[in-house]
Amino acid sequence: MNVPTWLWLATIGGLVAIILADLFLVDHKPHTVTMKEATRWVLFYVALAVLFGIGIWFFAGGAFAGEFFAGYITEYSLSVDNLFVFVVIMAAFSVPSVHQHRVLLVGIVIALIMRGIFIAIGAAAIAAFSWIFYLFAVILVVTAVNLARQGTEHDDGEPAPVRLLRKYLPVTDDFHGTKLFARVNGKRLLTPMLMVMLAIGFTDLLFALDSIPAIFGLTQEPYLVFTANAFALMGLRQLFFLLGGLLNRLVYLSYGLSVILAFIGVKLVLEALHENNLPFINGGEPVPVPTVGIELSLSVIVGVLVITTIASLVKAKRDPSVVHAPPTAVDNDHSDHNHSDDERSDHDQAPTPKSGRSVAGD
């Protein structure tokens, strides 16, 4: 797939424009995102992805369009599992509901930039080293096994990035509106707003260690890998508000995702063997093994997700005990006011912590 530089620039420019429009329309007046509003935005981003895929089909052919849709659906479904961690992070920092959308938006923009770097590195590695597919396959199979073992249980403790950030960086106890820095007792400190944005971004990057190999198992086109990731991430934050209590009802999600990752891992091994040039495998000659087409891949991914979702909802309805109440952030909107740098004097007492943290080193 030959993608000219101008198309890359136009695509990135379009994504930036959409993000800026989203930031202005939703966050120019901070408010709690309603179910109706979240539904509209999710449908908008899904429609954008569908239109983009149709454009790929029209200009580049059905095969590339199929690879894009398979990659997009896979990345979006893997991102749903990320939402469990996002819920924990939001609760750990007690993010006011009026600011949750901004936190997710900025955090995901950070993740998108870093994923772009990962994709570039991955594409270069694939071009230079044929054995990289075996490494990707191992990563996916190991992740699949871990997800299957995890089952219906999710860790409600603080993620490691949150603990590290809290431990080593000086952070105020309060949110100061949407400010990223604030002056407390004469010291300029970070605020929980910046910390939670970084936590979201870097935590999502950890998930990229699984999702990037997964999508490279469906397409080796960097343009499709990047755009599928971009559309999945851009629609993720609205899905956070839309799913709400439904999230913990997807009790079999981990099993479904483990099947998908294991399937893609096997697909990678078969393709690597089919195009083998490693001298210690079959004398460096391709191994005559069957490969998995994109049509079958797309069918398996969609089928597993549909079955997993239906089975989860049925199980949750029949046995409510399997549904664990998700951690929720304290809705402290009424106390989340903007503080000026001079509002507190050196002798002022620090307020009672709302986010459960004290300044590092206390």
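This is a predicted model: local features need pLDDT of at least 70, side-chain atom pairs count only at pLDDT 80 or more; totals for chains, interfaces and linings use all residues.
Helices (H or I, at least four residues) and strands (E, at least two) are DSSP runs, numbered from the N terminus. Residues are numbered from 1 along each chain as its sequence is written.

S312 sits in helix α11 (residues 294-318). With a relative accessible area of 0%, S312 is buried. Buried means under 20% relative accessible area, exposed means over 50%, and partly exposed lies in between (1.4 Å probe, protein chains only). A polar atom of the S312 side chain lies 2.7 Å from the backbone oxygen of T308. Leaving aside residues up to four places away in sequence, S312 touches R249, L250, V251, Y252 and L253. Contact here means heavy atoms within 4.5 Å.

A111 belongs to helix α4. A111 is buried too, at a relative accessible area of 0%. Its C-alpha atom is 10.0 Å from that of M197, a residue 86 places away along the chain.

**Salt bridges**

Side chains of opposite charge can pair when their charged atoms come close. The cut-off for a salt bridge is a side-chain nitrogen of Lys or Arg within 4 Å of a carboxyl oxygen of Asp or Glu. The whole structure holds 3 salt bridges.

| Salt bridge | N to O distance |
|---|---|
| E75 and R115 | 3.2 Å |
| E271 and K267 | 2.5 Å |
| K315 and D319 | 3.9 Å |

Take the side chains of E75 and R115, which meet in a salt bridge. E75 lies in helix α3 (residues 62-93) and R115 in helix α4 (residues 100-128), so the pair ties together parts that are 40 residues apart in sequence. Both E75 and R115 are buried.

E271 and K267 are 4 residues apart in helix α10 (residues 253-274), which means that about one helical turn separates them. E271 counts as buried because its relative accessibility is 16%. K267 is buried as well, at 3%.

K315 pairs with D319. K315 is partly exposed, with a relative accessible area of 29%. D319 is also partly exposed, at 25%.

**Aromatic pairs**

A pair of aromatic rings is described by the distance of the centres and the angle of the planes. Rings of Phe, Tyr and Trp (its six-membered ring) pair if their centres lie within 6.5 Å; planes under 30 degrees apart count as stacked, over 60 as edge-to-face and the rest as tilted. The structure contains 15 aromatic pairs. In one of them, the rings of F68 and F69 have centres 5.5 Å apart and planes at 65 degrees, so this pair is edge-to-face. F68 is buried, with a relative accessible area of 0%, whereas F69 is partly exposed at 22%.

Y252 and Y255 form a tilted pair, with 6.1 Å from centre to centre and 45 degrees between the planes. Y252 counts as partly exposed at 26% relative accessibility. Y255 is partly exposed at 34%. Y252 is also among the residues that S312 touches.

Ring pairs also build a cluster. They link W8, F52, F68, F69, Y72, Y76, Y223, F226 and F231.

Note on methods:
Side-chain values use heavy atoms; hydrogens and water are left out. A polar contact is a pair of N or O atoms within 3.5 Å; within protein, one must be able to donate a hydrogen and the other to accept it, and residues adjacent in sequence count only if both atoms are side-chain atoms.
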